[in-house]
Amino acid sequence: MLLCLWYGGHWGEEGGYHLVPVIQSKDLVNWQFLGNSMAQKPNWKKRGGIWAPDVTKVGNRFFMYYSFSTWGDPNPGIGLAIANSPEGPFVDQGPVFTSEEIGVKTQLILSILSRIPIST
């Protein structure tokens, strides 16, 4: 029997969204909401949304790496939350790193990408 878990969504600045919702399906057609992956939004950044989660089993625990930033954030970061089951709840462990800590200038990447010609 197929059982698929999906960690999706986004937690925006304005609230009202699920906090990385966990949903499951047995057939990839019908989905059931299981709950939010975390009880509360991480607070190691003053502003930003949680997005692009990736969950990996490490030993007997589940590690969820996630992005934490706002649009155009000069110092986005990657965080880590850990759970004992893939459904959660995940407990935030704080930042793994921020762009400033590893010396990555996010505006440099945007500048380079804006110069790449797009052909149709």
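## Reading the contacts of a predicted model

Tutor: A search of the whole structure, which is a predicted model, finds 2 aromatic pairs.

Student: How should I read such a pair, and what describes the two rings?

Tutor: A pair of aromatic rings is described by the distance of the centres and the angle of the planes. Here Trp-44 and Tyr-66 form a tilted pair, with 6.4 Å from centre to centre and 45 degrees between the planes. Because Trp-44 sits in the loop between S3 and S4 while Tyr-66 belongs to strand S5, this pair ties together parts that are 22 residues apart in sequence.

Student: Why is the pair of Trp-44 and Phe-68 called edge-to-face?

Tutor: Planes over 60 degrees apart count as edge-to-face, and the planes of Trp-44 and Phe-68 stand at 85 degrees, with the ring centres 5.0 Å apart, so this pair falls in that class. Phe-68 lies in strand S5 and Trp-44 in the loop between S3 and S4, so parts that are 24 residues apart in sequence are tied together. Taken as a group, Trp-44, Tyr-66 and Phe-68 form one aromatic cluster.

Student: Are Tyr-66 and Phe-68 buried or exposed?

Tutor: Buried means under 20% relative accessible area. Tyr-66 has a relative accessibility of 0% and therefore counts as buried, and Phe-68, at 0%, counts as buried too.

Student: How many salt bridges does a search of the whole structure find, and where?

Tutor: The search finds 1 salt bridge. Lys-45 forms this bridge with Asp-73, and the closest N and O atoms are 3.0 Å apart. Lys-45 lies in the loop between S3 and S4, whereas Asp-73 lies in the loop between strand S5 (61-69) and strand S6 (77-83), so the pair ties together parts that are 28 residues apart in sequence. Both Lys-45 and Asp-73 are buried.

Student: What is the order of the strands in the open sheet?

Tutor: The open sheet has 4 strands in the order S4-S5-S6-S7, with antiparallel pairing. S4 and strand S7 (91-98) are the edge strands, each of which pairs on one side only. On average, with direction ignored, neighbouring strands of this sheet are turned by 25 degrees against each other. For one case of pairing, consider S6 and S7, which run antiparallel and are joined by 6 bridges; Ile-78 has Phe-97 in S7 as its bridge partner.

Terms used
Residues are numbered from 1 along each chain as its sequence is written. This is a predicted model: local features need pLDDT of at least 70, side-chain atom pairs count only at pLDDT 80 or more; totals for chains, interfaces and linings use all residues. Side-chain values use heavy atoms; hydrogens and water are left out. A salt bridge is a side-chain nitrogen of Lys or Arg within 4 Å of a carboxyl oxygen of Asp or Glu. Helices (H or I, at least four residues) and strands (E, at least two) are DSSP runs, numbered from the N terminus. Buried means under 20% relative accessible area, exposed over 50%, partly exposed in between (1.4 Å probe, protein chains only). Rings of Phe, Tyr and Trp (its six-membered ring) pair if their centres lie within 6.5 Å; planes under 30 degrees apart count as stacked, over 60 as edge-to-face and the rest as tilted. Two strands pair if DSSP finds at least two bridges between them. Axes are lines fitted to C-alpha atoms, for helices over the stretch in contact, and angles run from 0 to 180 degrees between N-to-C directions.
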